[in-house]
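The report below describes a sheet, the helices packed against it and a few individual residues. Please keep the sequence and the structure at hand while reading.

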Amino acid sequence: MLASASALAVGALLFSFGGAANAAGSGAPVSGGTLTVLENTGGIGNWPNGLDPATNVCCLVEDEPYNDAIFGQLFTQNAKGQAVPDLATGYKFLDNNKVVEFFLRHGVKFTDGTPFNAAAVEWNINRDLLPANGRTNLFTSFPVAKVTTQGQYTVVLHLTKPFAPIINSMDSIATPNWIASPTAEQKMGEKAFELAPVGAGPFMVKSDNQNSKLVLVKNPNYWQKGHPYLNEVIFESIGTDQSAYSAVISGQADVAQQVATYPVVQAAEKNPQVHVEVTPGAGTGALQLNTKIPPFNNIKAREAVYYALNPEALNKVAAGGKGVVETGGDGPASLFPIGKVPGYPTYNLAKAKALVQQLGGLSFDLTGFAIGPTLNEAEQSEFTAAGMHVQIKTVNLAQLVAAFQNGSWQITGGGAGGLDPGIGVGGMTWRVESTAPFTGIHDPHLDKLINQGASTTNYDTRLSIYKQIYQYMAKNALMPFLYAGPLYNIASKNVHGGGVSSTNYNNYLFQWPDLWKS
């Protein structure tokens with residue numbers, strides 16, 4: 001995800017239910033009904049590689065809403081972003097943070113009737129780590145040398161290095177957090193399994209029209225008695241946020257998830273027919289610069305971008321001023337809030353123009369999603385005011401991933417922080433470290449600091465190191481930060497539960513077992 005980046009977890013979830021009462025007037029959850037959720041095709045409304053956690057190389061985290069519903073999670077997070085258990089029940093660190101044990105819920109079964117146990121988790125994680133499955137992010141955010149088991153319900157991860165965010169990373173990078181039935185995968189074969197995977201989550205696949213419509217039905221043997229409340233969940237892809245919103249208010253759909261077009265949000269906030277769930281951003285939005293190729297292999301070009309950007313103005317244009325302007329990667333909902341970064345090059349149009357002149361001009365492509373055109377165009381306008389020549393190159397998610405893989409991009413939206421800056425979609429090991437799959441930075445000193453930040457479980461030490469990291473990034477003009485934008489879901493007033501009518505850490509995610517309709 002985002003992503004928001006993303007996400008942590010361990011303990012029983014507590015959920016609050018808001019909104020309208022049910023037909024009986026009690027306000028208590030009721031069972032039954034179908035929930036239709038709309039996803040934007042420019043963002044998370046695509047699952048081109050299927051929904052097998054091990055082989056979904058393209059869009060794994062973006063497909064988190066689907067996979068959480070099918071597989072459940074070993075670890076999830078509460079409304080404060082704190083680790084809580086789901087299919088696991090707890091964990092502990094050993095051997096100076098180089099070994100971690102976690103413990104599984106007893107008596108759980110996959111929806112094919114086979115046991116959910118330590119052997120199944122071991123099989124899944126070993127499969128996730130196969131080089132053939134291309135999970136590049138696992139080798140940076142999940143440094144596991146081997147997996148062993150102790151009895152039926154204890155899994156032991158032997159790490160390649162001390163890594164404090166390991167449990168947080170299970171949810172943030174998603175792959176090891178979703179456990180598939182080994183029996184079903186081996187019986188069905190990889191290709192068939194990608195279309196109809198089998199897990200132990202609250203729902204199971206009824207039909208899958210790839211990148212268009214996914215229908216899930218209730219798991220009657222879900223471990224949490226009386227859950228899920230819904231009988232069916234339908235995910236449908238849709239072209240624009242405006243179309244999704246129109247479908248919700250007309251009654252054709254129930255939820256528009258991860259709405260990024262702020263004028264749509266503004267309209268929804270004034271509409272008594274719907275509920276808009278707003279969650280503060282954990283990670284700060286940024287512009288990633290590809291420092292390996294021109295023009296951003298030149299620090300003067302990078303500094304010019306910093307000075308040309310006015311985050312306050314961008315926040316107002318693209319987010320109605322509801323974001324929080326930050327000079328580091330970690331926003332107000334982060335576990336490691338940074339505050340102001342000393343020496344950060346702030347908006348100064350005169351300095352930007354002077355640098356552009358020194359460079360003899362500055363031209364580049366700004367690569368961005370179609371779902372965020374307002375922000376892309378506002379950034380283009382600010383660059384143009386500084387004398388730069390900028391072309392917007394609109395792509396979808398798969399195209400952006402390919403651009404990172406072949407190194408063809410110059411500047412794009414991204415981030416470097418999140419709930420835990422050590423990991424996640426916006427985390428250091430995804431977007432900053434030299435070996436990260438979505439990085440434009442290649443700096444050995446920065447790599448060393450990132451490893452130091454992840455090697456200790458001491459909160460104050462980690463916070464101090466992340467402050468050093470952001471100060472170093474500012475000094476070398478490696479990634480200009482904008483603002484921590486809130487996340488939005490728009491739902492009919494008769495839909496209730498975490499991420500819809502009550503705050504969840506990241507409203508990209510829903511608490512599927514507890515969603516209900518009145």
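This is a predicted model: local features need pLDDT of at least 70, side-chain atom pairs count only at pLDDT 80 or more; totals for chains, interfaces and linings use all residues.

Of the 8 residues of H1, 8 are buried, so the helix is largely enclosed by the rest of the structure. The buried residues of H1 are Glu64, Pro65, Tyr66, Asn67, Asp68, Ala69, Ile70 and Phe71.

What is the order of the strands in the open sheet of 7 strands? It reads S8-S9-S10-S1-S11-S19-S12, and the pairing is mixed. Strand S8 (203-209) and strand S12 (274-279) stand at the edges with a single partner strand each, so one side of each is left without a neighbour in the sheet. Helix H1, which spans residues 64-71, packs on this sheet and touches strand S1 (34-40), S8, strand S9 (213-218) and strand S10 (232-238), while its direction makes about 25° with that of S9.

Two of the strand pairs can be followed in more detail. Strands S8 and S9 run antiparallel and are joined by 6 bridges, and Phe203 has Lys218 in S9 as its bridge partner. The hairpin that these two strands form has 3 residues between the strands, and in it Asn211 takes a positive phi near 65°. Strand S11 (residues 255-256) and strand S19 (residues 487-492) also run antiparallel, joined by 2 bridges, and here the bridge partner of Ala256 is Ile490 in S19.

Helix H7 (residues 241-250) lies across S1, S10, S11, S12 and S19, and runs at about 30° to S19.

## Two helix pairs

Two packed helices are described by the angle between their axes and the distance between the axes. The table gives these values for two pairs.

| Helix pair | Axes come within | Crossing angle |
|---|---|---|
| H7 and H8 (residues 262-269) | 9 Å | roughly 20° |
| H9 (residues 299-308) and H11 (residues 349-359) | 8 Å | roughly 155° |

With the axes of H7 and H8 crossing at roughly 20°, H7 is roughly parallel to H8, and their crossing is right-handed. In this contact, Asp241, Gln242 and Tyr245 of H7 meet Val264, Ala267 and Ala268 of H8. Sorted by class, the residues of the contact are 4 nonpolar, 1 polar and 1 charged.

How are H9 and H11 oriented, roughly parallel or roughly antiparallel? Their axes cross at roughly 155°, and H9 and H11 are therefore roughly antiparallel to each other, with a left-handed crossing. From H9, the residues Lys300, Ala301, Glu303, Ala304, Tyr307 and Ala308 meet Leu349, Lys351, Ala352, Leu355, Val356, Gln358 and Leu359 of H11. By class, the contact of H9 with H11 has 9 nonpolar, 1 polar and 3 charged residues.

Terms used. Residues are numbered from 1 along each chain as its sequence is written. Side-chain values use heavy atoms; hydrogens and water are left out. Two strands pair if DSSP finds at least two bridges between them. Helices (H or I, at least four residues) and strands (E, at least two) are DSSP runs, numbered from the N terminus. Contact means heavy atoms within 4.5 Å. Axes are lines fitted to C-alpha atoms, for helices over the stretch in contact, and angles run from 0 to 180 degrees between N-to-C directions. Angles under 35 degrees count as roughly parallel, over 145 as roughly antiparallel, 65 to 115 as roughly perpendicular and the rest as oblique. A crossing is left-handed if the near helix is turned anticlockwise from the far one by less than a right angle, and right-handed if clockwise. Ala, Val, Leu, Ile, Met, Phe, Trp, Tyr, Cys and Pro count as nonpolar, Asp, Glu, Lys and Arg as charged, and the others, Gly among them, as polar. Buried means under 20% relative accessible area, exposed over 50%, partly exposed in between (1.4 Å probe, protein chains only).
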